[in-house]
Amino acid sequence: MDMKILQVLDRLIPYDTFLNDLAARIVGMIKADSNDPEFVSQRKAYELFGRRNVERWKRQGKVESYKRPGKVEYRTSDLRLLQRTVQDYMEPPSQEENGDNQKK
């Protein structure tokens, strides 16, 4: 029988084991998010994900806000994805931010 092996930096993992572990993690994430509403208010987004995180993600163009009459909302799935993504906090400012600070 041909056993496929996946090498991850410091160890070898059988491919089937990797797939089973990955599937279990995905199912866990889906179950955890199944009760999330499609959109959350800005106040709730700040509460769940941190005001500075939400504002940084919006400034970097990673999340979009939706204006409704009397409130601002964010798509919950977008915020969850960013929450689970490793962030680069040392990321240089965008060109727009640099352009405002440069003298002509």
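Which residue in S5 does Ser 41 stand opposite? Glu 73 is the one. Keep in mind that this is a predicted model.

Strands of a sheet pair through backbone hydrogen bonds, either parallel or antiparallel. Here, three strands make an open sheet in the order S3-S5-S4, and their pairing is antiparallel. At the edges you'll find S3 (39-41) and S4 (65-68), each of which pairs on one side only. From one strand to the next, the twist averages 40°. Between S3 and S5 (residues 71-75), there are three bridges. A helix joins in too: H4 (residues 76-84) packs on the sheet and touches S3 and S5. If you compare directions, H4 makes about 55° with S5.

Now go back towards the start of the chain. S1 (residues 5-8) pairs with S2 in the antiparallel sense, over four bridges.

| Strand pair | Sense | Bridges |
|---|---|---|
| S1 and S2 | antiparallel | four |
| S3 and S5 | antiparallel | three |

Next, look at H2 (residues 42-49) and H3 (residues 51-59). Their axes come within 6 Å and cross at roughly 115°. Angles of 65 to 115 degrees count as roughly perpendicular, so that is how H2 and H3 lie to each other. On the H2 side, the contact is made by Ala 45, Tyr 46 and Phe 49, while H3 brings Arg 51, Asn 53, Val 54, Glu 55 and Trp 57. Sort the residues of this contact by type and you get five nonpolar, one polar and two charged.

**The largest pocket**

How do you spot a pocket at all? Rolling a probe the size of a water molecule over the atoms shows where empty space is left. The largest pocket in this model has a volume of about 180 Å³. Its lining is made up of Val 8, Arg 11, Ile 13, Phe 18, Asp 21, Leu 22, Arg 25 and Met 29. S2 (11-14) and H1 (15-33) each supply at least two of the lining residues, and H1 gives the most, with five. By type, the lining has five nonpolar residues, no polar ones and three charged ones.

Notes. Residues numbered from 1 in each chain as written. Predicted model: local features only at pLDDT ≥ 70, side-chain atom pairs only at ≥ 80, totals over all residues. Heavy atoms only, no water. 1 Å grid on protein atoms, 1.4 Å probe; cavity = no way out; pocket = protein on both sides within 12 Å on 5 of 7 lines; lining within 4 Å. Points joined across faces, edges and corners; volume = space filled by probe spheres on them. Nonpolar A, V, L, I, M, F, W, Y, C, P; charged D, E, K, R; others polar. Pairing = 2+ DSSP bridges. Axes fitted to C-alpha atoms, helices over the stretch in contact; angles between N-to-C directions. Contact = heavy atoms within 4.5 Å. Parallel < 35°, antiparallel > 145°, perpendicular 65-115°, else oblique.
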